[in-house]
Amino acid sequence: MRRRRSLLTAALVAVTTAALASPAAPALAAGCSGTNDGDVAIGDNQTVESPIAISECASAPSATATVPVKIVHTYVGDLQVSLVAPDGSAYVLHNRSGGSADDIDQTYTVDLSGETSNGTWKLRVNDNAANDAGRIDTWSLNLGGSTPADDFSVAVSPASGSVAAGSAASATVQTQTTAGQAQTVQLTATGLPAGATASFSPASVTTGSSSTLSISTTTSILSGTYPITVRAAGATTRTATYTLTVTGGTGPQIPDVDIAAVKAHLAQFGTIAAQNGGNRRSTSAGYRASVAYVKDKLTAAGYAVTEQPCTSGCTTGAGPNLIAEWPGGNANNVYMFGGHLDGVSAGPGINDNASGSAALLETALVLAQRTPSMTNKVRFAWWTDEEQGLNGSRFYVSQLPSTERAKIKTYHNFDMVGSTNGGYFINNITSTQSVHMKAYWDSLGLQPEENTEGRNRSDDASFTNAGIPASGYAMGASARKTTAQANKWGGTAGGAFDPCYHASCDTTANISDTHLNRAVDGIAYTVWKSAVGTGTPGADFAVSVSPASGSVAAGSSVQASVATRTVSGDPQTVRLSASGLPAGATASFSPASVTTGSASTLTISTTASVAAGTYPVTITAAGTASRTATYALTVTGGGGGSCTGTNPDDVAIPDAGAAVESTIALSGCSATPSSASVVTVRIVHPYVGDLTVALIAPDGSSYPLHNRSGGSADNIDRTFSVNVAGETANGTWKLRVQDSGPADVGTLDTWSLNLTP
């Protein structure tokens, strides 16, 4: 999320006194309770005390004595807070927990039943670290304790169930008195899909008793998995979740996206940042590597993927937007789902906004895996340069002709959806475009609110300003959670929703799995509700080769079996072909066309003059779509090929711009690449400290050669040794060079590669 303006923080004056500051005169209290509201400054690495003198208390202290404490401090993880009895016994109330959260405003319950009531009690506060100061604002002591309010819990057993459309499922709702007296509670259920009803027998119970929940469904209900919220309302309201799976209905089953898969993407973004200077800022190598990671995943899944350079309005050197469309659906009704992929320079930007990026990526991959029939068009987007002013999304919208803008029915934005102290916020929560997102969170009983903090601060603003309806999820940034929100959602009142907002600590540790999971499942729910149809998926198929590789002596032939499989819809006829064969080799299929579900025999014949080496041969099966498989052909005993190459062509290196590449294609190399392969590079540049240089293998693996070292030295003219022993020799190798600093340009003059030095 983009920071709107700088925040002014009032500095607390640090107090540097003796290790234990002398307490002020005790606040006198007749009876068994008292309060001291005199401020006591807490300096860095200092211990201070605030006293309360209890007199005329006729009863012994309670096992549930209470100590309300209010401390103002900018980093409560530095603090240890103890109650000290008149005899010197210390009872620890707070022991350096809470990390960077602000302030302590809490009532502690303490067992003081072994103490004497009358005398001087003290609140002792020790600041154990530097850089933050604060004060004891007020504290109280009630030795008589308090009678706990009536409270209860509710649970559903079993917690999930499956039902065929038209039938019913049942479960037991159990209640238990957890404090105070038993009470009567009323039972209700929310989050039911259309075509389902719930009843309880009995509808009201006394806590400690149970009720039977029955859920009935009609035959027209949509198949899917639905979280049903069971509410028990008495003096307070408590909830439990029952997960209902409906099978055999008339609609598609909405998937539950695997949070572990989303977190695997987050880990990859963290690794990318670590390998590229610690961040993924839009102008950095880390951003471009993030684009490559997302693009590779989407392309392999079958998306039409486009990199859109931001040619105006973006920060100089910013990487591209990434746009991906899933085939099928009404192209005049486009539903867009997006979030910014870039971060700030302070850290890896995992919550802001690898969280939204990863959630979108995994949802897109799940859609591709399910291959459902589509009623409307789904388009995903990952934006550049958001942190510098929403520039990437603004550029995208500005380039859309009016006819294309009109096709976008809703843009959904996802920015910071894993905040550790998060809330549940929806942009334009009462609008039509937010209906599905709100419905999903309502089904979980989350009581979402309008995203006032994020208004016009993320990429949805670019669409709204262009007249395109927009909405989205967010979990909060630097704004602080109110007491009412903490009571509703949990977490720390007074603390920032994301305590690592725009900071170096925004790592994979700065993620709430619960918030992230509820966001990604809500995204999937919205995608399916917006664009997925209820019909049968179109015909599709897969192709494979067994074995996947083979060796042949030059002048001979080798065979393999090409198998096809119907994935969805009806079987179809596909025609087989092969490409990528070396000169002197031919391929034939018997038969050349098959009905999916059948197999064909591939025969590759070679002449004595074919060059020795390993060749990736692509097998293509063409029907209503084209599907491919790869067969690795190794030729031995032939004329041999080259394991070295040189590219002498000049390539201009732009200032603080996109990475440039120079290629060398190897074929017929029969050797395995060496662990000490040699790359000779000559680059003309007046400031080599701006440059990153990497060797890119044919499979896309990157081997860094030079990473912004050398400062203001001129030119790179040296030979690097690289371990590429795990790579395939033949294919296109690349030298990738990027200038990541301002004020200088240069030229990639020449480079050479020797895999067998």
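Modeller: Let's start at Pro591, which sits in the loop between strand 32 (585-590) and strand 33 (593-595). Helices and strands here are DSSP runs, numbered from the N terminus: a helix is H or I with at least four residues, a strand is E with at least two. A cis peptide bond links Ser590 to Pro591, with omega at about 0°. Before we go on, please note that this is a predicted model, in which local features need pLDDT of at least 70 and side-chain atom pairs count only at pLDDT 80 or more, while totals for chains, interfaces and linings use all residues. Residues are numbered from 1 along each chain as its sequence is written, and side-chain values use heavy atoms, with hydrogens and water left out.

Another cis peptide bond joins Asp352 and Asn353, where omega is about 5°. Asn353 has its place in helix 3. As background, most residues other than glycine have a negative phi, and most peptide bonds are trans.

Asn715 is not a glycine, yet its phi is positive, at about 65°. You will find Asn715 in the loop between strand 42 (702-707) and strand 43 (716-722). With a relative accessibility of 29%, Asn715 counts as partly exposed. The cut-offs are these: buried means under 20% relative accessible area, exposed means over 50%, and partly exposed is in between, using a 1.4 Å probe and protein chains only. Ala743 also has a positive phi, about 85°, although it is not a glycine. Its loop runs between strand 44 (731-739) and strand 45 (746-754). Ala743 is exposed, at 67% relative accessible area.

The largest nonpolar core has 60 residues, and Leu298, Tyr303, Trp382 and Tyr473 touch the most other members. Helix 3 (residues 350-370) contributes the most to this core, with 11 residues. Such a core is a set of buried Ala, Val, Leu, Ile, Met, Phe, Trp, Tyr and Cys residues joined through side-chain atoms within 4.5 Å. Setting aside neighbours within four places in sequence, Leu298 is in contact (heavy atoms within 4.5 Å) with residues including Tyr303, Val305, Leu361 and Trp382. Apart from this core lies another one of 29 residues, among them Cys643, Trp733, Leu735 and Trp751.

Next come the cysteine links. Taking a disulfide as a pair of cysteine sulfur atoms within 2.5 Å, the count is 3. One joins Cys32 to Cys57, S to S 1.9 Å. Cys32 lies in the loop between strand 1 (27-30) and strand 2 (33-36), and Cys57 in the loop between strand 4 (47-55) and strand 5 (65-73), so this pair ties together parts 25 residues apart in sequence. The Cys32 and Cys57 link is right-handed, with 95° about the S-S bond. Cys32 is partly exposed at 22% relative accessibility, whereas Cys57 is buried at 6%.

Cys310 and Cys314 form another disulfide, S to S 2.0 Å. The torsion about their S-S bond is about 85°, so the disulfide is right-handed. Both Cys310 and Cys314 are buried.

Then there are Cys500 and Cys505, whose sulfur atoms are 2.1 Å apart in their disulfide. Here the S-S torsion is about -120°, so the disulfide is left-handed. Cys500 is buried at 10% relative accessibility, while Cys505 is partly exposed at 34%.

Finally, step back to the whole chain. It holds 9 helices and 45 strands, and its C-alpha trace spans about 110 × 75 × 50 Å along the principal axes. Of its 757 residues, 48% count as buried. Among contacts in the chain with a separation of 6 or more, 76% are between residues 24 or more positions apart.
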